[in-house]
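The following exercises concern packing inside a protein model. Please work through each task with the structure open before reading its solution.

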Amino acid sequence: MPKLTIDGKEVEFQPGQTIIQAAATVGIDIPHFCWHPKLSVSGNCRVCLVEIEKMPKLAISCATQAAEGMVVHTNSEKTLAARKAVMEFILINHPLDCPVCDEAGECKLQEYTYKHSIGESRFTEEKQHKEKRVPLGPHVMFDGERCISCSRCIRFCTEVAGDTQLTFVQRGDRVTINTFPGKELDNPYSMNVTDICPVGALTSRDFRFNSRVWDLSATNSICQGCSKGCNIQLWVKANKVLRLTPRHNQEVNSFWMCDEGRLNTFKNINAENRINGPHLKRNGGFTRVSWDEAFSAAISELKGFSREEIAYIGSGFATVEDNYMLAKLAKTVSGTKYIDAVPHLVPGSGDAILRTEDKTPNMLGATLTGMQGGKSIEQILQLVSEHKIRALYVIDEDLVSNYPQFAEAIKKLDLLIVHAVNENATTQIAHIVLPSASYAEKHGTMVNIDGRIQRIRPAVTTIDADRTLDGLSLSRLDKFGTEYDRWGRSDKIDARPTWKIILGILSAFGQRSKITMADELFHEIAENVPAFRGINYDTIGEQGVVLNINKTTSVYGEKL
Amino acid sequence: MERIVLPEIENLHNIDVYIANNGFAAARKALLMSPDDIIDVVKKSGLRGRGGAAFSTGLKWSFMPKSTDKPKYLCINGDESEPGSFKDRQIFEFNPHQLIEGIIITCYAIQAKSAYLYIRGEYHKWVNLMETALETAYARGFVGEEMKKTFNTDFSCNIYIHKGAGAYICGEESSLMNSIEGKRGYPRVKPPFPAQNGLWGNPTTINNVETITNIPPIINKGWEWFSAIGEPKHPGTILFGVSGHVNKPGVYELPSGTLLTDVIYNYAGGVPGNKKIKCVIPGGSSMPPLRGDQLEGIKMDAESLRAAGSAIGTGGIMVMDEDTDLVKVLARIAKFYYHESCGQCTPCREGTGWMLKLLNRIVNGEGSQRDIDLLLSVANNIEGNTVCALGEAAAWPVKFMLMRFRDEFEARVSPHINLEPKNKVHSMRHTVNPIDKVEI
């Protein structure tokens, strides 16, 4: 491979790589605002100027291709002088309103100002004023004065979202960003511009002014919006999830996620209608009971139905571990063949970017662990309406809302046991309601549409969660035991992961298990389910692994 | 003295008059030559671009890839947006067919099937004149499919006139291409250069209007004839647009290497009121200004002006007499570049406004010594750090004005020091002390 020298280091590079890319391979981070690894090169911020021997002028490292024998200096006197000059230029018209800016704490401009700027300005003139608080679309707010005109957002819309919705208008230091007349920034991926904006010019209307980012803890997880399984981070303060952001995974979602996933998959975690503690229906009303009481009630009820009279309904919203345990419960206690998960296909809701039509994050995982990919669900419900099946055990699904045509039949069931995160139409008519932990409160794995198994992790504490054993990440507020400390002061929900609840029921059934942690359970799964053989939580890691399965086999028995 | 670009022939804009004066003979001749031979002739003629950079035209053409499946394009830059520059419109008005003929020959030489003539947005009149001329040339079968019959050749090309929307930056070649493509007039990052990646990503050559108008006579009379005119390193005639404090402002076609003082005094009629000259900008507003006492002996060609500490630019000579307020002049120039900075890259976008704000304060008597140093520092921080040459265009006037007329600025920011401005004027009547002998 050809080589160039960067700061005295010999660096091998692929032909076609630019200096900034070649430098990154050996950990030299050349400052940059407008350059983004997944967007075209615009070369406008000029902060990545470097000195190249034998070149008369400094060159921008984002656009200059590496060449054999090239000698680059990223910290020479000339380079530093230019970098400082550019930083000074960028800051002269910037409002420097970090104390009230949402970006503060994760702002590239702020970081570079500390790292690469002289710390004071020679600019004593009136700053250029521009529009502030402009709603560019339903989810994104724009502050023209903070904008440094790097054009990342414009390029993102055109190149990634495939919809040119933003443009520069005006010239010189009057340049600002706008949508086209009568149009909004409303593409399904619009909020990614708030992530890639290197300053606080584009902020999330949903999150802005909710928290300083340094007061949040970040936990790696997987988006629950569809079967793509975009890698995300859950940002938590005071035991509440306040926002989701995409996490880089080149094999899945690159740097992006859709607005739907970002906005609509976490609000139920903090919602008022969370189910808190196990409940039994007595005399027409629900009574909160202890877990042990709930377990014995469940097992004594379950024993009363023959294999033809009971069905178990798993879920693509539940983890591999949860569905595996449900299948185990069905087999052990009832021996029934009636076991399936609820399909959630929304035709036309997918695209060629990230979004898929399957709105569950783990239908493939549920199928691999014993569900039938939705093939028998209608049949089961038909038997329910014929009153041949008289008992249902449902995890993490709102059957009544999903199948309104069977609502009456479900109401007539002799036994309905439901695991649920939030109250819904099905929990209302259930006989036993078991509070299940949301995806933000448990460890587990999910298999995406491409057969990639990935991990979710707890970010929010429940009464059941163990801060140390579960490896929860800490925010600054937690560390110092402030009044926002999520362990000490927060209201915690009494909920447990579905797999753990079923372990409890099986234990009440007399089948004791040594398993206490999700990763131990996964060891058992890996031993019993061929698709997961040889895999454990460590090998899945942060980026997931692709399962060795026949990927052409559709989860739903038909091509997606 | 022979005039090449603007010959002294009445009604030459009329195609019949043009044909009667050997019009389209060069195209006829060129279309029988091989494209490489034409490029060779133009190279040997020594013709250099008249748009500002004075780059060898033949060499530029030879950068066009020979083997490519992509269409090739020619762009003719008639944006003429540099203040002090108003020569191309004379060609549009008085000799449009020679330009058209030059375009045809160039298209053939670089094997382009389409040429875009980009004309400055404010030139409504000249766009109309040029469109009329082009329509006539089409009607008479000199351009388009019909030219195959007219010239009895396999080659044909089309010429499209594209009117700009009034942005200075669109005179920069890559912005010009973006503008033609219907995009925002932002300069492109180079490399890649237009010959590799130009209009719609295809190989493109961009030449100035005056440059291309020189082509037919070179083909007709040969490179030996052309290269013998004026200065050998920058041969031919140059259209000098003389403006400012002269009695007869206008466009003068003179051999390269003509003395600047000759242009001003012999052709442009000298300075009104027979005043002394304080400052001359020799090549359009972005070129370094010369002091009055630097003018003697300066020849008007690229090499001589570079040696004198300036540049030929577009040949727009701006003359300022002894009563000119250069602080105000510089503030006005800075205002232009501030207004015209496209805003794409940081140093120019932010720096032009900063320089203007500083200069406005100095003009208003609110400046300080610190502001002058700061102004110079800002100019230096812009220079060389931008996407396109507008950075230099904005920085150079500031830098060189301060370098060559610093005492005028010093006097403005320190009113308590009553400095008699040093005599830095040139005069035909007497020679003053050169500035380097004057203690500041």
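The model is predicted: local features need pLDDT of at least 70, side-chain atom pairs count only at pLDDT 80 or more, and totals for chains, interfaces and linings use all residues. Residues are numbered from 1 along each chain as its sequence is written, chains are lettered from A in the order in which they are written, and side-chain values use heavy atoms, with hydrogens and water left out.

**Exercise 1.** Determine which residues of helix α10 (residues 377–385) of chain A are buried, and what covers them.

Solution. Helices (H or I, at least four residues) and strands (E, at least two) are DSSP runs, numbered from the N terminus. Buried means under 20% relative accessible area, exposed over 50%, and partly exposed in between (1.4 Å probe, protein chains only).
- Step 1: the buried residues are I377(A), I380(A), L381(A), L383(A) and V384(A).
- Step 2: they lie on the same side of α10(A), because they cover an arc of only 155° around the axis. The arc is that of the directions from the helix axis to the C-beta atoms.
- Step 3: their cover includes β16 (310–314), β18 (391–395) and α12 (407–411) of chain A.
- Step 4: just after α10(A), H387(A) takes a positive phi of about 60°.

**Exercise 2.** Describe how helix α17 (residues 369–382) and helix α18 (residues 390–404) of chain B cross.

Solution. 
- Step 1: the axes, lines fitted to C-alpha atoms over the stretch in contact, come within 8 Å and cross at roughly 145°. Angles run from 0 to 180 degrees between N-to-C directions.
- Step 2: residues in contact (heavy atoms within 4.5 Å) include I372(B) and L376(B) in α17(B), and A395(B) and V398(B) in α18(B).

**Exercise 3.** Is R274(A) buried or exposed?

Solution. 
- Step 1: R274(A) is in the loop between α6 (259–264) and β14 (279–282) of chain A.
- Step 2: R274(A) counts as buried because its relative accessibility is 6%.
- Step 3: leaving aside neighbours within four places in sequence, its contacts include N268(A), V421(A), E441(A) and I493(A).

**Exercise 4.** Is F94(B) buried, partly exposed or exposed?

Solution. 
- Step 1: F94(B) is found in helix α5 (residues 88–94) of chain B.
- Step 2: at 42% relative accessibility, F94(B) counts as partly exposed.
- Step 3: leaving aside neighbours within four places in sequence, F94(B) is in contact with L6(B), L12(B) and H13(B).
- Step 4: the C-alpha atoms of F94(B) and N14(B), 80 residues apart along the chain, are separated by 8.8 Å.
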